[in-house]
Amino acid sequence: METPAIQQLYKQYIDAWNSQDAHTMASLTTNDCIMVGFDGSQMFGKADIESSISQIFANHKTARYVTIVKRVTFLTDEVAVLNSVVGMVPPGAEDIKPDKNAIQLLTAKRDSDNWLIAAFQNTPAAFDGRPELGEQLTMELRGELVKTSGTSQS
C-alpha cells in the first residue's frame, strides 16, 4: 500500500496550514470534500474550504501544528484513513497549548495517480474525566516538538 503517499498528503496539508496558505490546503482536497474544524464548523467542497480558511487566516495569526501520525489504514486500494494527534504552538510561543490538543482524522481518496483529502475532522482531545490521558498526550507532543524544533520544553 501507499502509506508514505498518504503521510505526504497530510504533511502538505499541515505545512499549508502552518504557512497560512488556504489555496494550497483547498488544492489538496476533492471537489466534494467535507471538513469539520476544531470548533465544529463544517466546510463543504474546495471553494468553501478555501474561502472559510482564507477568512480565518485574514483575521487571525493561527497557531502552528505539531503532529504525530498514529496510523494509516487502507479501506480499499483507493481509500485510506490517517489518524494523528496534534498540538498547537501559538504565535510567539515555544510550547504547545495543551487545551488545544486534538485528534485528527483524514480520509484520502485516490484520484487518478494522486491522493486527495475527501474528509477531514479535527476533534478536541478533551479526555473528559481522564486528565492523565491529556497529560500523556501533551508530553508526547512536547517530545515531538523538541525533535522537530530542536528546542527544549519545560
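# Close-up views of a predicted protein chain

**Figure 1. The whole chain.** The accessible surface of the protein chain comes to about 8,300 Å², and 51% of that surface belongs to carbon and sulfur atoms. Accessible areas come from the Shrake-Rupley method with a 1.4 Å probe, and for residues only the protein chains shown count as cover. This is a predicted model, in which local features need pLDDT of at least 70, side-chain atom pairs count only at pLDDT 80 or more, and totals for chains, interfaces and linings use all residues. Residues are numbered from 1 along each chain as its sequence is written, and side-chain values use heavy atoms, with hydrogens and water left out.

The protein chain has four helices and six strands. Helices (H or I, at least four residues) and strands (E, at least two) are DSSP runs, numbered from the N terminus. From the N terminus on, their order is α-α-β-β-α-β-β-β-β-α. The radius of gyration is 15 Å, close to the 15 Å that the globule rule gives for 154 residues, so the chain is as compact as a globular protein of that length. This radius is taken over C-alpha atoms, and the rule is 2.2 Å times the number of residues to the power 0.38. Along the principal axes, the C-alpha atoms fill a box of roughly 45 × 35 × 35 Å.

How many of the 154 residues count as buried, in percent? The share is 38%. Buried means under 20% relative accessible area, exposed over 50%, and partly exposed in between (1.4 Å probe, protein chains only). Contact means heavy atoms within 4.5 Å. Take the contacts between residues at least 6 apart in sequence: 54% of them join residues at least 24 apart.

**Figure 2. The largest nonpolar core.** A nonpolar core is a set of buried Ala, Val, Leu, Ile, Met, Phe, Trp, Tyr and Cys residues joined through side-chain atoms within 4.5 Å. The largest one here has 31 residues. Which residues have the most contacts inside it? They are Ile6, Tyr13, Met35, Ile53, Leu106 and Ile117. Two or more residues come from each of H1, helix H2 (22–27), strand S1 (29–36), helix H3 (46–59), strand S3 (64–74), S4, S5 and strand S6 (114–124). H1 gives the most, with seven residues. Apart from this core lies another, of nine residues, among them Ile96, Ala125, Leu137 and Leu141. In soluble globular proteins, nonpolar side chains tend to be buried together.

**Figure 3. Around Met35.** Neighbours within four places in sequence are left aside here. Met35 is then in contact with Tyr13, Thr29, Ser41, Gln42, Met43, Ile49, Ile117 and Phe120.

**Figure 4. Arg110 and Glu2.** A salt bridge is a side-chain nitrogen of Lys or Arg within 4 Å of a carboxyl oxygen of Asp or Glu. The structure holds six of them. One joins Arg110 to Glu2, with the closest N and O atoms 2.6 Å apart. Arg110 lies in strand S5 (residues 102–111) and Glu2 in the segment before helix H1 (3–18), so the pair ties together parts that are 108 residues apart in sequence. Arg110 is partly exposed, at 22% relative accessibility. Glu2 is partly exposed too, at 29%. Salt bridges link Glu2, Glu78 and Arg110 in a network.

Figure 5. Asp95 and Arg142 meet through their side chains in a salt bridge (2.9 Å, N to O). Asp95 lies in the loop between strand S4 (79–89) and S5, and Arg142 in helix H4 (residues 131–149), so the pair ties together parts that are 47 residues apart in sequence. Asp95 is partly exposed at 21% relative accessibility, whereas Arg142 is buried at 17%.

Lys147 forms a salt bridge with Glu144, the closest N and O atoms being 3.2 Å apart. What separates Lys147 and Glu144 in helix H4? They are three residues apart, so about one helical turn lies between them. Lys147 is exposed at 66% relative accessibility. Glu144 is buried at 16%.

Figure 6. Thr138 sits in helix H4. Is Thr138 buried or exposed? Thr138 is buried, with a relative accessible area of 6%. A polar contact of 2.9 Å joins the side chains of Thr138 and Asn101. A polar contact is a pair of N or O atoms within 3.5 Å; within protein, one must be able to donate a hydrogen and the other to accept it, and residues adjacent in sequence count only if both atoms are side-chain atoms. Not counting residues up to four places away in sequence, Thr138 touches Ile96, Pro98 and Asn101.
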